[in-house]
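Me: Please take a close look at a single part of this protein. Give me one connected account.

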Amino acid sequence: MSTQRDANLSRRGLLGGGLAALGALAAGRPLMAGTLGAAIAKAPFRLGLQSYSLRGYKEGGQSSVERALAVSRDLGIRYWEAYPGHIPMSEDSDALAKSQALLKRADVEVVGYGVIPFKKGDPNNRKPFEFAKKMGVEYLSADPDPDSFDELDKLVEEFGIGVGIHNHGPGHRYDRIDVIAKAIEGHSPKIGCCIDAGHFLRSKEDPVRAAEVFGDRVFGVHLKDVKDAEHFTILGKGDLNYPGLFKVLAANGYTGLVALEYEENEQDPADDIRVCLEEAYKALGAL
């Protein structure tokens with residue numbers, strides 16, 4: 001937060017204005033659109049959803065963005081890191097306008113987008129940035145080739161959009177905190193890490209340490225719990241120290257998106273996501 005006064009006001013707003021929303025979550029009742037989101041907007045950072053969590057809601061064999069947005073609205077979620085299956089990357093103005101209209105109708109803002117690959121010398125590297133600029137996206141979660149960083153330096157500065165390297169579990173080229181730290185060393189401060197807490201746990205790395213190491217170069221957080229470095233689970237049932245993660249993010253002045261990502265119960269995860277939100281909300285209230 002910018003000042004201690006702002007921090008105190010945010011915490012009072014979270015605790016006072018949001019208790020009714022928390023009670024609704026605990027009771028398993030659908031929330032009115034925006035109720036939880038409005039309360040959480042007063043927290044140190046934004047709490048939302050990686051829309052991949054809702055990939056199982058399909059229509060005609062394809063992920064249904066309309067259904068995913070309806071579920072998000074019912075849960076009071078106002079912020080997405082969108083995955084391309086819901087919001088396809090497009091240069092077509094009509095397609096962009098359609099996506100923007102659907103998001104506006106659901107009162108959902110796309111803060112982040114990804115995960116996006118980048119390759120050295122690929123003319124398509126500009127397209128995600130151009131798309132993000134038009135959609136008002138603040139950061140891209142990404143899996144860039146190691147030799148593409150010099151080009152990314154120029155793109156993040158030109159467009160003013162951050163890039164967070166997404167760790168993707170054991171064996172991935174960016175599976176370790178120190179590997180990512182070394183990869184971004186000497187590059188634009190707009191290139192950092194999108195912390196996937198669950199995948200760091202799978203790699204037996206500490207997501208809290210990741211937040212400490214990357215500081216103001218955190219661009220996006222995937223809030224995901226894992227038990228025994230193997231099994232994705234409901235938040236609070238695994239090994240993630242999410243209260244500690246929240247505290248470090250808040251202490252660092254992080255105001256970006258913490259996107260809950262739930263990979264289980266693909267066909268109908270809404271009730272499980274509701275429980276995860278309750279746990280996250282309790283931890284935010286204790287800050």
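Reply:
**A loop residue and a strand**

Lys204 touches Arg176 and Ala229, leaving aside residues up to four places away in sequence; contact means heavy atoms within 4.5 Å. Lys204 sits in the loop between helix H9 (197-202) and helix H10 (207-214). Helices (H or I, at least four residues) and strands (E, at least two) are DSSP runs, numbered from the N terminus. Lys204 is exposed, at a relative accessible area of 69%. Exposed means over 50%, buried under 20%, partly exposed in between (1.4 Å probe, protein chains only).

This is a predicted model: local features need pLDDT of at least 70, side-chain atom pairs count only at pLDDT 80 or more, and totals for chains, interfaces and linings use all residues. Residues are numbered from 1 along each chain as its sequence is written, and side-chain values use heavy atoms, with hydrogens and water left out. pLDDT is the predictor's confidence in each residue, from 0 to 100. The protein chain averages 88, and 85% of the residues score at least 70.

Now the strand. In E8 (residues 191-196), 6 of its 6 residues are buried. E8 runs parallel to strand E7 (residues 162-166), joined by 4 bridges; two strands pair if DSSP finds at least two bridges between them. Gly164 has Gly192 in E8 as its bridge partner. E8 also runs parallel to strand E9 (residues 218-223), through 3 bridges. There, Asp196 is partnered by His222 of E9.
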